[in-house]
Amino acid sequence: MTSGPPARAASSPGHPHPSGAKTQRAYLDASTVAPLDPAGRDAWLAAMDEGWADPRRLHREGRTARLLLEGARESIAADLGARTEELVFTGSHTEAVHAAVLGTLRARRRVGTRVVLSAVEHSAVLQATRFGGEALLIDVSELGRVDVSRFTDEVGGESVALACLQSANAEVGTRQPVTEVAEATQASSIPLLVDAAATAGHAAVPQGWDLLTADPRSWGAPAGLGVLAVGANTRWVSPSPADDGTERVPGSVSVPVALAAAVALRTVTAGRAESDRLRRSLTDRIRAVAATIPDTQVVGDPERRLPHLVTFSCLYVDGEAIVDDLDRHGFAVGSGSACTASTLEPSHVLAAMGVLTHGNIRVGLPVGVTPEAVDRFCAVLPGAVARVRAMLGAEGL
């Protein structure tokens with residue numbers, strides 16, 4: 001098992017620079033997967049010695065694993081604003097989302113199969129909805145914020161079984177009006193799923209949810225764990241066959257990963273105020289530099305947003321080509337949709353916002369990022385775009 005990316009985003013030795021000089025690496029792609037939190041990593045390694053046994057067993061080793069697992073559950077629930085008994089561990093964030101959507105549709109099948117959701121939801125939410133029900137997509141503004149009035153109207157319609165609204169978008173950082181939408185769903189007795197994959201660990205998770213999902217990788221935990229919270233008064237039935245595991249969904253849970261996730265979340269939550277101030281100031285700088293590049297559009301709400309995300313799009317170039325150029329100069333950034341980037345398809349988020357979808361670059365600053373790394377990135381960025389445009393013969397357009 002590998003330890004993943006460097007624990008900090010500090011510069012580190014890298015590959016040779018195109019000019020022949022050594023480059024220093026900076027990981028700036030923490031939109032969905034953050035570098036391992038050092039305290040979480042230590043907890044993960046320690047728990048491999050203490051929490052390796054089956055937590056369902058009655059012997060000492062099993063009881064130890066069970067205590068560690070329940071301690072992790074209690075800690076994560078408290079930091080997310082949930083009750084311990086509401087929290088369910090799954091094998092991944094995608095599995096948590098699928099269980100939330102399909103389990104609610106199964107429990108409320110007599111009500112209907114219609115799901116009201118924003119057009120910029122995570123791909124897992126969209127796919128689960130289309131698999132198990134009928135999606136009623138609500139438009140968003142050019143800044144990426146959902147139309148509350150239309151969302152409210154649709155929630156009050158017939159055959160609506162579920163409403164879904166992300167707490168914030170993992171691609172452009174825009175925070176959603178969860179509180180206002182929750183008032184409408186509660187008035188209509190419609191359960192609300194809030195996907196907090198982008199928010200948890202970076203900002204306070206809004207309340208008003210009936211179901212909540214989160215991705216521990218986004219706050220610096222190892223892969224292999226998803227989080228689902230089902231409100232005590234929410235009708236939900238597991239959409240999977242019965243299982244004798246430790247959770248309300250099938251499969252086993254890695255106790256070391258759960259403990260690492262709990263420690264990492266507690267650590268980043270404790271330092272969130274300071275990290276927010278630093279990363280917000282650094283993303284403001286990146287936004288300003290990107291805005292000076294000709295034919296470049298910085299997208300997302302400049303104010304009501306997560307502190308660590310920046311997305312911009314450049315005309316006349318492919319985002320992947322810019323990513324490659326920046327990578328050769330020591331910077332890891334993303335392109336395309338944060339949840340479907342491997343397909344290299346145009347971002348459904350940017351398309352829904354009605355903004356430029358090509359030549360897209362997504363920057364996610366991890367906890368512990370240094371101002372020096374961002375200074376170097378800002379110095380290299382305009383040249384990277386210019387080089388790619390020149391290579392494609394588009395510099396004079």
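Author: Start with the largest nonpolar core, which has 55 residues. Ile76, Leu80, Phe89, Phe151 and Trp219 touch the most other members. A nonpolar core here is a set of buried Ala, Val, Leu, Ile, Met, Phe, Trp, Tyr and Cys residues joined through side-chain atoms within 4.5 Å. Buried means under 20% relative accessible area, with a 1.4 Å probe and protein chains only; exposed is over 50%, and partly exposed lies in between. Helix α7, residues 255-270, gives the most to this core: 9 residues. Helices are DSSP runs of H or I with at least four residues, strands are E runs of at least two, and both are numbered from the N terminus.

This is a predicted model, where local features need pLDDT of at least 70, side-chain atom pairs count only at pLDDT 80 or more, and totals for chains, interfaces and linings use all residues. Residues are numbered from 1 along each chain as its sequence is written, and side-chain values use heavy atoms, leaving out hydrogens and water.

Now look at Ile76. Leaving aside neighbours within four places in sequence, Ile76 is in contact (heavy atoms within 4.5 Å) with Leu87, Phe89, Val227, Ala258, Ala261, Ala262 and Leu265.

Step back to the chain. Buried residues make up 53% of its 397 residues. The chain has 11 helices and 13 strands. Among contacts between residues at least 6 apart in sequence, 70% join residues at least 24 apart.
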